[in-house]
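Here is a short briefing on one model. It covers a sheet, a set of strand pairings and a chain-to-chain contact.

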Amino acid sequence: MKIAILSGKGGTGKTTLSVNLFSSLKKATLIDTDVEEPNSHLFLKGTTYHEEDIMKEYPVVDDNVCSLCGKCGDFCNFNAIITSKKKVLVFDDLCHSCGGCKLVCPTNAISYAEKSIGKIFYQSVGDNKQFLYGKLLVGEISGVKIIEHLKNVTKKEDILLIDSPPGTSCSTVSAIEGADYCIIAAEPTPFGLSDMRMVVELLRAQKMNFGVVVNKSNLGNDDIYTYLEEEGIDLLGNIEFREEFARIISVGELLVDHSEYVRNIMTDIIKKVLGETYA
Amino acid sequence: MKIGICASNESTDSEVADRFARAEFFAVYDSETLQFTFYSNTAKFEGSGAGGKAVKVLGDLDVEVVLVPELGPKAIDALKIFEIKSYQYKQGKTVREALYEYFEKKLPELLESSVKGKH
Amino acid sequence: MLNEIAIISGKGGTGKTSIVASIIPFLDDLVMADCDVDAPDLNILFPGEIRESRDYIGFKRPVIDYDLCTHCGVCYQNCKFNSITEDIIIKKSTCEGCKVCEYVCPTNAITMHDYVIGKVFKRDTYYGPMIDARLIPGEESSGKLVAEVRRLAREEAREQGKGTILIDGSPGIACNVISAITGVSKAVIVTEPSVSGLHDLKRVVKLVKTFSVEATVVINKFDLELNLAQQIKDYCDLEDLEVILEIPFDREMVLSIADLKIPSINNIPFFETQKWHNFISYLDQKESS
């Protein structure tokens, strides 16, 4: 079963939920697909046993063969190729690797070179547990390719937890694609509720099964519970804000290692989402 | 020759733009006809790569010199392939004033990407 | 010259939007730009008349005329984004609008059509005009929408004679954040004293330096973990970055937002300190030509 953990608003506890659920399972794989700002590895403290570069292609122009017709630049939708009457300039960081420039070139002057846009790290974190995370190179415009790769290498896993990026744009869609169930980490505040509505819209459009965990449940108001009831959305659990929890998380430790209250909540969530046998 | 000037509006009395790639308009002055023509800078709508695209807009208009507030690295690279020279004006001038200052040789040539100073 | 200030965070949940909200009542001459297009929250705290709203066309997507389509599969073979199935159906969630399919189709069965990816709003709030936008959940091109919000904010500032634009950026470091910070006068990075906060701060600092933007750092909830707060200060020192403000954790700030009240004008003592006022003065500084 593939379970994605996501949120509309950032900082509502996706990673906290992901790593603590992961620790509470006997056997599971966790992938951190927030490749812009991955944090799970800070809590799991595994050792990297394998690293992979994720490559993208970008065009290289053979000036000897190039007729300076400008068709490649005209075609490129991403401003990655600028042509003058004297030269062709390629901005590889803007290239989306669509292959169009090569197709339109009348003199076959374009070939593709590769560059790394980031990495995937494979970490050992204990028996029966697998953990991978991705990291986008700073300055690159999109991590979707890395997310797709993470999903691809773990597609045969029995129980897969997907720590997803915040928000609802293309990275998040890529992370949750193919998931059997989604857990929304939400906050009971006006911002939290507003952002959660957008996630609900996304999940409904993608026809996903989902439930909600309310984090920092004592710092806010009841509007979120009213909304969940009205919309018939499953409430999987509530986690209170306590300053001691904030401190534990601050130093990169797992709540389940310190709090029976949190352990019980994780067990509850696992029972509800995966079934009794996995708890 | 044609000189491009980054403008905030379609008039020679309007203030010069404070960004190159995101300028609203380019004023192009033709030193032979002594006329100004204004073009909307289509690069301003781009998410990324606006610098390169803005240069393309000007290059295709056969501009040889451009008067700018600043330039990012992509714009600098693109200006080189068009062999367009760039000169930096100070904010707050009108399009016409910036042009006069260029002719009076008061504007420094911009050869590298201008980096904003640290606090 | 316009004073454009971007408030960003790298990590979500550091209190960025709450801080943006707290800054607003203290700046005159202001246009607000909510560039967190995945999760636009500012208008919740600063409601106002919507003066204008319009659909935003992000890019073009292919439409197939099945009367002309011969199911030859050339489009499917050439699509690098897995956006056309073998049965020649467009999968819009991964389409990037590159137009390769339109180009390769031998029967001209594919044409590119404008695609609405979100909505842009111009509002008049108590503290000034606000430009914000909502990306349709699941959509691409958030960077382009952010650029549009910035463009409209600059246009608004020019038309209304306003001198300052305050940008609420989104978490992360990719295209939408890049669009929020290019060419700004100053960036303020809001962080928190946690291992995640420090980790993410390092990446967003790298981004800000890549784009040559002047930046300072605010450590929010700094007293929740003093050791990590010190580690952050040490890091900033190493990177020649000023920690311009440290805000203590106060439940009242969270509860204030939950009550839809702006923290800085809701009797919270921190906002009466000289430190806060110095921070505002820094933000207000206009660059001389």
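This is a predicted model: local features need pLDDT of at least 70, side-chain atom pairs count only at pLDDT 80 or more; totals for chains, interfaces and linings use all residues.

Chain C holds 10 helices and nine strands. In chain A, nine strands form an open sheet with mixed pairing. Chains A and C are in contact through 48 residues of chain A and 52 residues of chain C.

**Chain C overall**
- Chain C has 289 residues, and 55% of them count as buried.
- The C-alpha trace of chain C spans about 70 × 40 × 40 Å along its principal axes.
- Take the contacts in chain C between residues at least 6 apart in sequence: 76% of them join residues at least 24 apart.

**Strands E3, E4 and E5 of chain C**
- Strand E3 (residues 48-64) of chain C runs antiparallel to strand E4 (residues 110-125) of chain C, with 15 bridges between them.
- Within this pairing, C:Arg61 faces C:His113 of E4(C) as its opposite residue.
- E4(C) also pairs with strand E5 (residues 128-135) of chain C, antiparallel, over eight bridges.
- Here C:Arg123 stands opposite C:Met130 of E5(C).
- The link from E4(C) to E5(C) is a hairpin of two residues.

**The sheet of chain A**
- The strand order in chain A is E3-E6-E7-E2-E8-E1-E9-E10-E11.
- Strand E3 (47-61) and strand E11 (234-239) of chain A are the edges, each pairing on one side only.
- On average, neighbouring strands of this sheet are turned by 20° against each other, direction ignored.
- Strand E2 (residues 28-32) and strand E7 (residues 129-136) of chain A are parallel and share five bridges.
- A:Thr29 has A:Gln130 in E7(A) as its bridge partner.

**Helices packed on that sheet**
- Helix H5 (residues 144-153) of chain A touches E2, E3, strand E6 (110-124) and E7 of chain A. The direction of H5 makes about 55° with that of E6(A).
- Helix H10 (residues 260-273) of chain A touches strand E1 (2-6), strand E9 (181-186), strand E10 (210-215) and E11 of chain A. The direction of H10 makes about 170° with that of E11(A).

**Where chain A touches chain C**
- On the chain A side, 48 residues are in contact with 52 residues of chain C.
- Helices H4 (100-104), H6 (170-176), H7 (190-205) and H9 (243-250) of chain A are the elements that each give two or more residues to this side.
- H7(A) gives the most, with eight residues.
- By class, this side of chain A has 19 nonpolar, 22 polar and seven charged residues.

Definitions and conventions. Residues are numbered from 1 along each chain as its sequence is written. Chains are lettered from A and ligands numbered from 1 in the order in which they are written. Two strands pair if DSSP finds at least two bridges between them. Helices (H or I, at least four residues) and strands (E, at least two) are DSSP runs, numbered from the N terminus. Two residues are in contact if their C-beta atoms, placed from the backbone, lie within 7 Å. Ala, Val, Leu, Ile, Met, Phe, Trp, Tyr, Cys and Pro count as nonpolar, Asp, Glu, Lys and Arg as charged, and the others, Gly among them, as polar. A residue is buried if 20 or more other C-beta atoms lie within 10 Å of its own, exposed if 12 or fewer, and partly exposed in between; C-beta atoms are placed from the backbone. Axes are lines fitted to C-alpha atoms, for helices over the stretch in contact, and angles run from 0 to 180 degrees between N-to-C directions.
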